Structure formats: C-alpha cells, structure tokens
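We will go from stop to stop, selecting residues as we go.

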Amino acid sequence: MPRIHVLPKEVYSLIAAGEVVERPMSIVKEMIENSIDAGAKHITVEIKNGGTTYIRITDDGCGIQKEDIKKVFISHATSKISTGADLDSIATLGFRGEAMASIAAVAKVELLTKSDDEEMGVRYEIAGGEEIDLSDAGCPQGTTVVVRDIFFNVPARMKFLKKDVTEGNAVQGIVERIAISNPDISFRFIREGRQVMITAGNGDLKSTIYSVYGAELSETLVPVQYSYGGMKLNGYVSRPHQSRKSRAMQFFFINGRLVDSRLAKAALEQAYKNLIMVGRFPAGVLNIEMDTKLVDVNVHPAKIEVRFVNEKPIFDLIYYGVKTAVEQQDTIKEGKLNDNSISSIYSEQIKTHSSKIDFFKKEEKPNQLKFSSASPKTWSVASPKIPIKREPVEEETIEEVVSEKPNTEEKTEVIPRTENIVEAQPIEKTVQPVIIDEKDDTPVFKVVGEAFRTYIIVEIENDLYYIDKHAAHERMNFEKLKAETNISSQILLMPVAVKLSAEEYSVILENIPVLSKCGFEVEDFGNLSVIVREAPSMLDGVDIQDLILEIAEKLLENKTDIEPDKMDWIFHSTACRSAVKGGDYTSEQERELFVEKLLSMPNIRYCPHGRPVMIKISRYELEKQFGRIQ
C-alpha cells in the first residue's frame, strides 16, 4: 500500500496557485481588490505582453506595515477576517489570504509600500515563493506591486496561456468591470505603453460607464433605483429597442463585488419579456446592496460565484426594479436620416428597431409631447387651422375598425358639421378631421397618409411618426387578452380537427386547461389529433388549424411550468394572427380611429416580439435633408 507523506511547500503552493492564478487577468483582479480594500482612491494598472511578462498595480491606499510585509506572501494570512464567525458577514472583497501567496509561487514579485504612520517605505522581492530582498525605500504612501514572468517556474502552465492580445483583452475586461463597480475610485489602465482608459472617480456611475464603454452604451441606458425587502438595487439598464446580440454587457455586483449569477441574468431578461426580440439581450450595470449575512461569497477561490440564503427576493428585486425603470423612464428615440435622398425617410427608418413612442408626460420644452401614464390624455384629430366639432358617435372598438371588409368600389366620406366654424377653409379629401376633445391644452395629430399599406404616417406638431399598424394592433390585442378575466370566445361553425406529431399532441393535451383559459375549447380526438370547438372571438376568419400547430411549436420551444408564461405564448400567437396585416387596405377613417385608439394607450410601445410600434422623425431632420437648414 502506498505510504502517506506530506507534500513539500513548493509543491502544495503550486497546487493552491492553480486555483487562484489561472491567467494574468486573475492576478490583476486579486491585486485590484486588495487595493480597494486598502481604501485606495486612485489605482493605476499597467501591463505588457498581455500581462504575461509585466503587471504593475499602484494605489494610494493605507499601505502595509514593515513588520507585516513577509506575512503578505504566507498562505491564509489576511487582515480581513480573524474568526470563523467573520465568514458569515464578509464585507471586504478579499478575505482568504491566498492570492498573494499563490501569485508569488508562480511569478517574480516586487512590492513597494509605505503606510501612513511610517516615514520610510519598504521594498520586498520574492520569486517562486523564495524571498530575495527586503530593504528600505523612499516612496509615497500606498502600495505598488510589480509581477513579472508568470509561470516562469511552471512551463506546463505557460502553454495554456493564449496569445498576448487575448490575455490583454481579458485583463482590460476585468479592469473595466471593477471600474464601473467602483465609480468613486479613479482607475487608469495602461496597455503596452498606451493609456486606454481613465475614470474620474467622482462617484457618478453614468460618467464612469461613459469613460469605460463610451457613448455607444451609456446613451442607451436608463437609471434604476429600487428598494425591496431591505435590499437596494441601483445602476443602469438599456432601453428595450437598444438591446444587444449577446449578454456581454450584463454586469452584476453584490455590495460592490463583481459576481457571475445566473439568477440575476434570468431576472434581468425576464423583466424585458415581450419588449425585446427573441435572440436579443438587454445590457445592464446593476449593484445590489444587501445584508452580507444573506449572501455567501466563500464558494470558490476566485470569489466570483455567490450563493443566496433565499433566491426569490433577489429575483424579485431585479425583476421589479428593472421593469419599473424601463416602463417609467424609457423615451422615444428620434430617427436620424443618413441618406440625402427623400426615400431614406421610408427605407432607412422602417428597417430600424431603435424607436419607441412615449407621449405620457408633457415636457416643458415646446414641441415635445409626453403624457402621464397615470392619467392618459384624450387625443384630438383635426386640421391645425380648422376647429371643427362633430356630434358624438357610437364608439367602435379597434377590432371592429380593422376587421371591416373594405369596399373598394364605394367609399363613405365623413362630412363634418358646419356649426361653429370660425373660418371657412378648403378641406382635403384625403384627411377627414374629427374632434375628440376640444380642450385648449389638448395636442393635435393629423394622419398624413399610409406608406406601402403598412406604415401609417402621423404629423404631431413638428414631428412625423411612422406607425407599423400590424405591430401596433398585435400589441393591442395582446394587452386586451392579458387584461381579460374571461376571454371572449365563440363556437366554431365547424369544429376543426388538427393532426399533430407525437410531441405536439402530448404538449397540447398537457395544456388543455391553459388553452381553455385562453379562450380555446380543445378535446382529445385520438390518433394524435385534437379537435377545436371554440376559439377567441377576435380570431374570426383565421386558420385555426395552423394556429394550433403554431401554439404547439411555441409550447415545445419554450418549456416552462409557469402558467402565465404559457398563456403569454398562446396570446402571442392569437394576437399576431388576429391583427391587421401589413399590406391590408385600411380606409382614411379607419386609420384615424386606429391612431386615436393607439395614442390613448400609453403602454403600447412594442409588439409582443419586441419590434417597435412607432418611430419618430423630427421636422429638423427632414429639413436638413432638403438643405433648408444647415
């Protein structure tokens, strides 16, 4: 039987180092965290060759006492904790006492430090765990650590390092993340002799994000401030129409500590449900302030994984905090015309997904219209020059308006009453004015026309708005279905039998109760078939068989045990199928009633798939294209 023996120091040091020091990025992270724990307000990071041959980190923190210098490089020596009870409430970024010992075991380290109560600083050198020099040195208060030749004594580990540019990018990434989690600290990053980042350290998170990631990210963000269950959430998240192709710009911090949490990512993305397109992801910089006793950071030596005592409050904090911020603070993005031809008014703007309507509050600036969602205003439709009244008519629902069969042979022209006309003016036949409310402060909109039988063009003061009628109506239907306690359904004249695959058949049978709540009466018809006897009344004329197949496919793709989520997917399909389609004919009166209905519903901003309902082009942008202004 093999004998048990104690490993020599140089061997177990290398084993321990393997858990902490994976690459230059790991070293930089650990040493920056030490600088932050030391109370530094200015931190400079410099690397060469991606950090494989040279890393220097300088701070103006409290420094290290001369008698404690050697202890820095002893395993499990730390100033952060002293008893086992301290592990239950860790408030510092570092606490294990492993980082510096692990770094010194696989690299050449030079440390220069001076504490605030000592007149002379200290210089200490150690390489491969072996002390080389300890001497006095003149230096300012704080600490400078230089790490050279990583893995010089472990060539096998050296082979696993990537190209210098890749390692350098990883180092820059971790510096950027730590910088935005500490906006009150000024960070300076020098890469291959060139300064690539500097932050002000003024405590302003928005300006720190701008310094690190530039206007491309910072200008897409809305602030988040939310409290729940004794916890606080603060930071910034992106507007829905400015989502990204990956999760690369999702950053989470717990009490200022950078963490990687699947729970936090799931809560963030759930808050954007029905607001962004499938395959797109929100960006966000979010910090959670919570009792340290409710989170365990002592999971892995890298300290990036955490566990929560109770996950649900964390999920709710992020979900409701982000959702509230997005719904209340997201604003319309103005379209920019980059092409000099007038055709760009249509082609460039219709292609973009970067827009949104927000008429919910009235700003102090002229010509900018917003309304409070708490008390939506009534919109009026009129020619700007002709105040015209109209006798009250029976209200029509949006479904009735867009589902009418157009009579292309005979059009009914709406003739306004002539009472109270102040000044006679010719009325264009293309736009029939209708007064909804005649209050002096009521804004006016005018339907200009329709492009490609898909995009309704509306003029509101000095702006043009392009409304995607299918996307808008789809969202209206979706919200209507979600708001109804009992979905209005109708018995089909002829029940519809639907043949399914084995998986589709199974998922439909499992969800018959859910389908019933969504307005469908579905029964097992045997032989991998179901029969549909009732469907939501808004689906008049829709291919029910094809719709059931689509619902089955969505339920299979988006497997969940949460009933509201299942209902949302069913509502997606129902709303889309029942909505007016791009290319369908709509009369002038239908368009006006449609727009009036849309603008009275403040929550209609995106279709259920995340596409924008409306985009805006300002008069200024239009006149720039025609050379009327410079």
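Two residues are in contact here when heavy atoms of theirs lie within 4.5 Å. Keep that cut-off in mind, and keep in mind that this model is predicted.

**Stop 1: Val147 and its core**

Select Val147. Leave aside residues up to four places away in sequence, and Val147 touches Ile27, Met31, Thr53, Tyr54, Ile55, Ile103, Ala107, Lys108 and Val109. Which residues touch the most other members of the largest nonpolar core? They are Ile32 and Val147, in a core of 55 residues. Helix H5, residues 164-181, supplies the largest share of this core, with six residues. In soluble globular proteins, nonpolar side chains tend to be buried together.

**Stop 2: the eight-stranded sheet**

Switch to a cartoon view. Look for an open sheet of eight strands with mixed pairing. Its order is E5-E4-E3-E6-E2-E1-E7-E8. Which strands stand at the edges? They are E5 (130-137) and E8 (194-198). Each has a single partner strand, so one side of each is left without a neighbour in the sheet. From one strand to the next, the twist averages 10°.

Select E2 (residues 54-59) and E6 (residues 142-148). These strands run antiparallel and are joined by six bridges. Pick out Ile57: its bridge partner in E6 is Val145.

Now bring in the helices. H2 (residues 24-37) lies across E1 (42-48), E2, E6 and E7 (186-191). H2 runs at about 10° to E2. H5 lies across E1, E7 and E8, and runs at about 175° to E7.

**Stop 3: a buried helix**

Select residues 99-106. This is helix H3, and eight of its eight residues are buried, so H3 is largely enclosed by the rest of the structure. Click along the helix from Ala99 and Met100 to Ala105 and Val106, which are among the buried residues.

**Stop 4: charges over rings**

Show side chains for Lys48 and Tyr54. The charged end of Lys48 sits over the ring of Tyr54, 4.8 Å from the ring centre. Then show Lys108 and Phe152. Here the charged end of Lys108 sits over the Phe152 ring, 5.2 Å from its centre.

**Stop 5: Leu205**

Select Leu205, in helix H6 (residues 205-213). Is Leu205 buried or exposed? Buried counts as under 20% relative accessible area. Leu205 has 16% relative accessibility, so it counts as buried. Not counting residues up to four places away in sequence, its contacts are Ile180, Pro183, Gly235, Tyr236 and Val285. Next, find Pro223, 18 residues from Leu205 along the chain. The C-alpha atoms of the two are separated by 9.8 Å.

**Stop 6: an aromatic cluster**

Select Phe315, Tyr319 and Tyr320. Together they form one aromatic cluster. How many aromatic pairs does the model have? The count comes to four. In one of them, the rings of Tyr319 and Tyr320 have centres 4.9 Å apart and planes at 80°, so the pair is edge-to-face. Tyr319 counts as buried, at 17% relative accessibility. Tyr320 is partly exposed, with a relative accessible area of 39%.

**Stop 7: Arg475**

Move to helix H12 (residues 469-483) and select Arg475, which lies in it. Arg475 is buried, with a relative accessible area of 7%. Beyond residues up to four places away in sequence, Arg475 touches Asn274, Leu275, Ile604, Tyr606, Cys607 and Pro608.

**Stop 8: the three-stranded sheet**

Last, find the open sheet with the order E20-E22-E21 and antiparallel pairing. E20 (489-499) and E21 (521-524) stand at the edges with a single partner strand each, so one side of each has no neighbour in the sheet. Direction ignored, neighbouring strands here are turned by 15° against each other on average.

Select E21 and E22 (residues 529-536). Four bridges pair them in the antiparallel sense. Val522 has Val532 in E22 as its bridge partner. Finish with helix H15 (residues 544-557), which lies across E20 and E22 and runs at about 70° to E20.

Conventions
Residues numbered from 1 in each chain as written. Heavy atoms only, no water. Pairing = 2+ DSSP bridges. Helix = DSSP H or I, 4+ residues; strand = E, 2+ residues; numbered from the N terminus. Axes fitted to C-alpha atoms, helices over the stretch in contact; angles between N-to-C directions. Phe/Tyr/Trp six-rings, centres within 6.5 Å; stacked < 30°, edge-to-face > 60°. Buried < 20%, exposed > 50% of the residue type's maximum accessible area, 1.4 Å probe, protein only. Lys NZ or Arg CZ within 6 Å of the ring centre and 35° of its normal. Core = buried A, V, L, I, M, F, W, Y, C linked by side-chain atoms within 4.5 Å.
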